[in-house]
Amino acid sequence: MSVSKVGDDLKQMLFLVYFKDGYVKPVIGTTQAQVRELIAAEGEREVGDIEKIVLEQNYYPQNEDYYDI
């Protein structure tokens with residue numbers, strides 16, 4: 001069970017965004033909705049071309065307290 005000092009909204013995660021043309025883009029964000037916003041703001045690729053968004057790994061701030069189960 002983890003105990004958060006900073007709150008869940010500040011925990012960063014690595015998402016892999018798969019596009020219909022086969023391109024895979026790694027994006028750091030906190031939610032899938034934020035990942036979509038980041039891709040739209042970047043303007044390099046269209047949000048409508050996203051095939052799926054997969055959570056690859058969780059990252060936590062360095063001041064995070066957590067306990068292994």
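The following conversation discusses a predicted model of one protein chain.

Biologist: What should I know about the model before I start?

Modeller: The model is predicted, so local features need pLDDT of at least 70 and side-chain atom pairs count only at pLDDT 80 or more, while totals for chains, interfaces and linings use all residues. Residues are numbered from 1 along each chain as its sequence is written, and side-chain values use heavy atoms, with hydrogens and water left out.

Biologist: What is the average pLDDT of the protein chain?

Modeller: The average is 80, and 70% of the residues score at least 70. Here pLDDT is the predictor's confidence in each residue, from 0 to 100.

Biologist: Which elements have the lowest and the highest mean pLDDT?

Modeller: Strand 5 (residues 65-66) has the lowest, 52, and helix 1 (residues 32-42) has the highest, 93. Helices (H or I, at least four residues) and strands (E, at least two) are DSSP runs, numbered from the N terminus.

Biologist: In what pattern do the elements follow along the sequence?

Modeller: The pattern is β-β-β-α-β-β, with one helix and five strands.

Biologist: Turning to strand 2, how many of its seven residues are buried?

Modeller: Six of them are buried, so strand 2 (residues 13-19) is largely enclosed by the rest of the structure. Buried means under 20% relative accessible area, exposed over 50%, and partly exposed in between, with a 1.4 Å probe and protein chains only.

Biologist: Which strands does strand 2 pair with?

Modeller: Strand 2 pairs with strand 3 in the antiparallel sense over six bridges, and seven bridges join strand 2 to strand 4 (residues 50-58), also antiparallel. Two strands pair if DSSP finds at least two bridges between them. Tyr 18 has Val 24 of strand 3 as its bridge partner, and Phe 19 stands opposite Ile 50 in strand 4.

Biologist: What lies between strand 2 and strand 3?

Modeller: Four residues separate the two strands of this hairpin, and Gly 22 in the turn has a positive phi of about 95 degrees.

Biologist: Now Lys 25: is this residue buried or exposed?

Modeller: Lys 25 counts as buried because its relative accessibility is 14%. Lys 25 belongs to strand 3 (residues 24-29).

Biologist: Which side chain does Lys 25 join through a polar contact?

Modeller: The partner is the side chain of Glu 42, at 3.3 Å. A polar contact is a pair of N or O atoms within 3.5 Å; within protein, one must be able to donate a hydrogen and the other to accept it, and residues adjacent in sequence count only if both atoms are side-chain atoms.
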